[in-house]
Amino acid sequence: MRLDEPRATRLRELSTRFLHEKTITPLGGLALDDAQRVQLAALCCLPLLEFGAGGLRGWSQLIVYPDAFRVNRSHVDSAGVLHEWEDELIGEAWDQGPLILSWADVQADLDEPDAGYCVAVHEMAHKLDALDGELDGTPPLPTAWLRDWAGDFQREYDAFCQRVDRGRAVAIDPYAAESPEEFFAVASEYHFSSPQRLRQALPSVATHLQRLYGASPLDG
Ligand SMILES: [Zn+2]
């Protein structure tokens, strides 16, 4: 990963602020030394290089599990029946709540930085998305940009979902078809870890993300 000197300095400043403002809580017998905490902070701050420290607003805790973790889900359907199940996750970001990461998956992303995955960036994209009070695939943006963003994202999201529904090959993780917010979060991972593939698959989305995040460290 390459960052020019001004961006490397900004990342250090953001990471310092992150470590000052957030409590990092390792669970399940995991222990994290100072260098590992700095590494986590830097990964989480990567999507904030252009957006700035305002992207850290609204939450205070980073929880880190040793590996993928299970969460209990429940849902009452329209007939009033309670459904309960378990999900296995590698990351999660609650609105206003903690950001949660699997340490093993963070390390796997670092071992293969150009594979198209980066769980820390994915969850931070959800945090940026939630800043305007709505998790809908759109972070807070100036009005004119927001209009262009909404139109371009909708068009490429619809076309992407259609390809997935028809069982046709897609160049990026089909999980992006889950919802507009997952589409934004997954595309953000590709911006940082496989920008060329993102440009080929979703050219307009790639252009907006380049503006939001700055040049991909892999394009340097
Ligand atoms: Zn997600």
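Is Arg166 buried or exposed? At 56% relative accessibility, Arg166 counts as exposed, where buried means under 20% relative accessible area, exposed over 50% and partly exposed in between, with a 1.4 Å probe and protein chains only. This is a predicted model, in which local features need pLDDT of at least 70 and side-chain atom pairs count only at pLDDT 80 or more, while totals for chains, interfaces and linings use all residues. Residues are numbered from 1 along each chain as its sequence is written, and side-chain values use heavy atoms, with hydrogens and water left out. Helices (H or I, at least four residues) and strands (E, at least two) are DSSP runs, numbered from the N terminus.

**The zinc site**

- The zinc ion is coordinated at 2.1 to 2.7 Å by His122 (NE2), His126 (NE2), Glu182 (OE) and Glu182 (OE); donors are N, O and S atoms within 2.8 Å of the metal (3.2 Å for Na, K and Ca), and water is not among the atoms, so sites may look incomplete.
- The 4 donor atoms subtend angles of 53 to 144° around the zinc ion, which makes the arrangement irregular.
- Four donors count as tetrahedral if all angles lie between 85 and 135 degrees, whereas four count as square planar and six as octahedral if opposite donors are over 155 degrees apart and all others between 65 and 115; anything else is irregular.
- Along the sequence, the donor residues of the zinc ion follow the spacing H-x3-H-x55-E.
- His122 and His126 are separated by about one helical turn, because they are 4 residues apart in helix α4 (residues 119-130).
- His122 counts as buried at 7% relative accessibility, and His126 counts as buried at 7% relative accessibility.
- Glu181 is found in helix α6 and, leaving aside its neighbours within four places in sequence, is in contact with His126, Asp129, Leu135, Asp136 and Gly137, where contact means heavy atoms within 4.5 Å.

**The four-stranded sheet**

- An open sheet of 4 strands has the order β1-β2-β6-β5 and mixed pairing; two strands pair if DSSP finds at least two bridges between them.
- β1 (23-26) and β5 (91-93) stand at the edges with a single partner strand each, so one side of each is left without a neighbour in the sheet.
- From one strand to the next the twist averages 15°, with axes taken as lines fitted to C-alpha atoms, for helices over the stretch in contact, and angles running from 0 to 180 degrees between N-to-C directions.
- Strand β2 (residues 61-65) pairs with strand β6 (residues 99-102) in the parallel sense over 4 bridges, and Ile63 stands opposite Ile100 in β6.
- Helix α3 (residues 103-111) packs on the sheet, where it touches β2 and β6, and its direction makes about 70° with that of β6.
- β1 and β2 also pair in the parallel sense, over 4 bridges, and the bridge partner of Thr25 in β2 is Ile63.
- β5 and β6 run antiparallel and are joined by 3 bridges, with Gly91 opposite Leu101 in β6.
- In the hairpin of β5 and β6, which has 5 residues between the strands, Gln96 takes a positive phi near 65°.
- In a regular strand the side chains alternate between the two faces of the sheet.
- From β6, Leu99 and Leu101 point one way and Ile100 and Ser102 the other way, and all are buried.

**A separate topic: the β3 and β4 hairpin**

- Strand β3 (residues 69-76) and strand β4 (residues 82-89) run antiparallel and are joined by 8 bridges, with Phe69 opposite Leu89 in β4.
- The hairpin formed by β3 and β4 has 5 residues between the strands, and Gly80 in the turn has a positive phi of about 85°.

**Helix α8**

- In helix α8 (residues 203-213), the buried residues are Ser204, Val205, Ala206, His208, Leu209, Leu212 and Tyr213.
- These buried residues of α8 pack against α1 (5-21), α4, α5 (143-165), α6 (180-193) and α7 (195-201).
- Gly214, whose phi is positive, near 80°, follows α8.

**The loop between α5 and α6**

- Arg166 has its place in the loop between α5 and α6, and its C-alpha lies 33 Å from that of Ile100, with the two residues 66 apart in sequence.
- Pro174 lies in the loop between α5 and α6 and counts as partly exposed, at 44% relative accessibility.
- Not counting residues up to four places away in sequence, Pro174 touches Phe160 and Val164.
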